[in-house]
Amino acid sequence: MRNTFTLTYILMMVAQMLFTNYFHFTPLCMVTILPVMVLCIPTRINTTWAMVIAFATGLAVDLFVDGALGLNALSLVPVAFLRKSIIEMIFGSEPFEHQENISTRKYGFARVSFAILIVTILFLAIYITADCAGTRPLWFMASKLGISLLASYLVSALIVNMLSYDDRR
């Protein structure tokens, strides 16, 4: 199953690169699936390795798309750092004790949606703040956060089960 997750993760990273390069609807909207990708890293992987994976993922996306080098990596590493805390807050310690992955089948759509929203808000808040860096007004940043959160959540909710395989299937 490890190879299945790795392949799916790489394909999702390519999908994120395509989203970023070819789907610019407006400056107020960016679609990102990177936070849900980090959330769905198998629970057997510790925080340090999750941060390394997040940094490499963010840097790879930054290298192959337009934008500031390191911006996705800067925003994604805190998501990986807080991943364990967020999972324990929402799902309890069971996913780590049993080394189970997060899935809507096991934990329900509402709880998984809440986790997706938290990691996406964290990612977007850091990304938008660093990207705008005093060049845009607060209303623009808040609007971009809200619109991007909605768009990113809709896409992330659709793909979360692709990344969260069930070992018992």
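Q: How many aromatic pairs does the structure hold?
A: This is a predicted model. The structure holds 4 aromatic pairs.

Q: What makes the pair of Phe5 and Tyr9 tilted?
A: Look at the angle between the ring planes. Under 30 degrees is stacked, over 60 is edge-to-face, and the rest are tilted. The planes of Phe5 and Tyr9 stand at 40°, so this pair is tilted. Their ring centres are 5.6 Å apart. Both residues sit in helix 1, 4 residues apart, or about one helical turn.

Q: Are Phe5 and Tyr9 buried or exposed?
A: Both Phe5 and Tyr9 are buried.

Q: Why is the pair of Phe123 and Tyr127 stacked?
A: Use the angle again. Here the planes meet at 25°, so the pair is stacked. The ring centres lie 5.8 Å apart. Phe123 and Tyr127 are 4 residues apart in helix 7, about one turn of the helix.

Q: Why does Phe123 count as buried?
A: Buried means under 20% relative accessible area. Phe123 has 0% relative accessibility, so it counts as buried. Tyr127, at 13%, counts as buried too.

Q: Which residues have the most contacts inside the largest nonpolar core?
A: They are Met37, Val38, Phe91, Phe123 and Leu163, in a core of 48 residues. Helix 7 gives the most to this core, with 9 residues. Leaving aside neighbours within four places in sequence, the contacts of Phe123 include Met30, Leu34, Leu76 and Val79.

Q: Where is Phe25, and is Phe25 buried or exposed?
A: Phe25 lies in the loop between helix 1 and helix 2. Exposed means over 50%. Phe25 has a relative accessible area of 59%, so Phe25 is exposed.

Q: Which residues make the nonpolar surface patch of about 640 Å²?
A: Ile10, Val14, Leu18, Tyr22, Phe23 and Phe25 make this patch.

Definitions and conventions
Residues numbered from 1 in each chain as written. Predicted model: local features only at pLDDT ≥ 70, side-chain atom pairs only at ≥ 80, totals over all residues. Heavy atoms only, no water. Patch = residues over 30% accessible without salt bridge, like charges linked within 9 Å, V, L, I, M, F, W, Y side chains within 5 Å. Areas by Shrake-Rupley, 256 points an atom, 1.4 Å probe, with all protein chains shown as cover. Salt bridge = Lys/Arg side-chain N within 4 Å of Asp/Glu carboxyl O. Helix = DSSP H or I, 4+ residues; strand = E, 2+ residues; numbered from the N terminus. Buried < 20%, exposed > 50% of the residue type's maximum accessible area, 1.4 Å probe, protein only. Core = buried A, V, L, I, M, F, W, Y, C linked by side-chain atoms within 4.5 Å. Contact = heavy atoms within 4.5 Å. Phe/Tyr/Trp six-rings, centres within 6.5 Å; stacked < 30°, edge-to-face > 60°.
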